[in-house]
Amino acid sequence: MFPTTNLFKEVACPEGEQCKLVNCIFSHKLRPQRVGSPATLTSVAARPSTLTVGNDDESDGHHSKRRRLDDQLERAGSDKPAQRKVFVGALSSQETTKPPKVPQSVTTLASLANSPVLSASKEVTPPPLSNKVRSEPTSLQKSTPETEKIEPLNPRMITNDPVGHAKRAVYLQAMAKEMRRLNELQRSADSKKEALCLSEAEINKFCLNEEEKLARESGPLYKNMVSGCIAAYRKMSLSGWISHILANFTEAKAVEKPAPKAELSTGLTTSEEVLFLPRLLTDLTSLSKHGYVSTPPTAAEAAEAAAAVQASANYEKCDRCQSRFQVFPERREEDGALTSNGPCVHHWGKPIHPKREKTDAIKGAKDPTFSCCNQLLGTKGCTELSTHVFVVKDAKRLASISPFVETPENLDPAKGVDGKAASAVTFDCEMGYTVYGLECIRLTAVTWPEGVPLVDVLV
């Protein structure tokens, strides 16, 4: 068996134009018809929907085959296709072709260009919030009734349980009982401060957090620490409970935020305040008990203090790190340094001593810390500067640096920017560390009580 597809492709089809096979194995080379012949017009009129393809090669006299494009015109069993009228001639002015009608449902490009964008006028609805984004209330924030979830009083699991789950549950129940008692006492005492009254979920979470902290940090002393905590709640007063709530819940802090201070008013006019001012003078004798210099030292005492400083080779004690160092008022010749003993490492904050509580005998008193970094007293400083500084407080030594002068009475007071003479003057000084100790670097003076500026200079 061999394929016969290409064997007869050069042989003309015996049926010629009458061949009705779609895929005929014989050749059907199409030939162009002569222009103007009757056969051509008849062929075109008989089959207006067929496509005639011409070929320039007329070596054989066979007619070209026409492909069938419309099955309605050539039905099976009909030897002669249906005849249609052939239009011959030119189009008259009355018979004009009408453009095809465009359905109303079809939108043209021009209408799309002129019509407004529907998405621009459509109301935009924000997407719904995901459940993962919603934050749950923490122990430091009071939860709302819709979102609060009551956590059962079941001790939380930790790595090293000090006494076991059963005993921890007993201590937890006892702690929650005392907290509920204090909470009901606060509710009955002042019902207006609703933010200070805890819900059941908040009490449970508060107990669980505190018991877990004791279990993790106390270790072998867990029994003593948790027993002392329960005893402290049992003996705690209502004011102590309110302070405890304010220290642990942010909403309660916002409710108890103090109101802004009212403006101080004496009820007197400006002239009446000036007349009353001389009666507010403080006796210099009583001020001397608090470090004020009421009697200036003599010149001999000032000279003796200056000689003592020179004999000590200008060694001072740092006011920040409390270390000893040497001062070079004219800078050191080797490297131009102002002080010796390296950089100054210190805490710039002040020590904070925590408030003493009744439970200090059981829990132990809290150690004081620095306000700058919350580190304990005695630890290494958190700030490092290049030089040390010192402060001179001795009146004799101060007199050797800058002598004391008594302020004379001003018989012709200067006028302020408003053109009026000052009835009273208030002044303030800004101090700074120098090689001679703490000195005044800026002086500001204004009239009282108007507040009109008189002097503002750098010394």
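Q: What does it mean to say that arginine 168 and glutamate 211 are both buried?
A: The model is predicted, and the term rests on computed accessibility. Buried means a relative accessible area under 20%, so arginine 168 and glutamate 211 each fall under that cut-off.

Q: What makes the contact between arginine 168 and glutamate 211 a salt bridge?
A: The N to O distance between the two side chains is 2.8 Å. The cut-off is 4 Å, so the pair qualifies as a salt bridge. Arginine 168 sits in helix α4 and glutamate 211 in helix α5, 43 residues apart, and the pair thus links distant parts of the chain.

Q: How do you know that arginine 234 and glutamate 178 also meet in a salt bridge?
A: Their N to O distance is 3.6 Å, and a salt bridge requires a value within 4 Å. This pair, too, links distant parts of the chain: arginine 234 belongs to helix α6 and glutamate 178 to helix α4, 56 residues apart.

Q: Why is glutamate 178 called buried?
A: Its relative accessible area is 9%, and the limit for buried is under 20%; glutamate 178 is therefore buried.

Q: Why does arginine 234 get the label partly exposed?
A: Arginine 234 has a relative accessible area of 47%. Exposed begins over 50% and buried lies under 20%, so 47% falls in between and arginine 234 is partly exposed.

Q: Why is α4 described as roughly parallel to α6?
A: Helix α4 (residues 165-189) packs against α6 at about 15 degrees, with the axes 9 Å apart. Angles under 35 degrees count as roughly parallel, so α4 is roughly parallel to α6. Their crossing is left-handed.

Q: Why is α5 described as roughly antiparallel to α6?
A: The axes of α5 (residues 200-218) and α6 (residues 222-235) cross at roughly 150 degrees and come within 9 Å. Angles over 145 degrees count as roughly antiparallel, so α5 is roughly antiparallel to α6. α5 passes α6 in a right-handed crossing.

Q: Why do alanine 313 and asparagine 314 count as partly exposed?
A: Alanine 313 is at 35% relative accessibility and asparagine 314 at 23%.

Q: What kind of peptide bond joins tryptophan 448 and proline 449?
A: The bond is cis, with omega about 5 degrees. Most peptide bonds are trans. Proline 449 lies in the loop between β8 (437-448) and β9 (453-458).

Q: Why is cysteine 13 called buried?
A: Its relative accessible area is 5%, and the cut-off is under 20%; cysteine 13 is therefore buried. The residue lies in the segment before α1.

Methods:
Residues are numbered from 1 along each chain as its sequence is written. This is a predicted model: local features need pLDDT of at least 70, side-chain atom pairs count only at pLDDT 80 or more; totals for chains, interfaces and linings use all residues. Side-chain values use heavy atoms; hydrogens and water are left out. Axes are lines fitted to C-alpha atoms, for helices over the stretch in contact, and angles run from 0 to 180 degrees between N-to-C directions. Helices (H or I, at least four residues) and strands (E, at least two) are DSSP runs, numbered from the N terminus. Angles under 35 degrees count as roughly parallel, over 145 as roughly antiparallel, 65 to 115 as roughly perpendicular and the rest as oblique. A crossing is left-handed if the near helix is turned anticlockwise from the far one by less than a right angle, and right-handed if clockwise. Buried means under 20% relative accessible area, exposed over 50%, partly exposed in between (1.4 Å probe, protein chains only).
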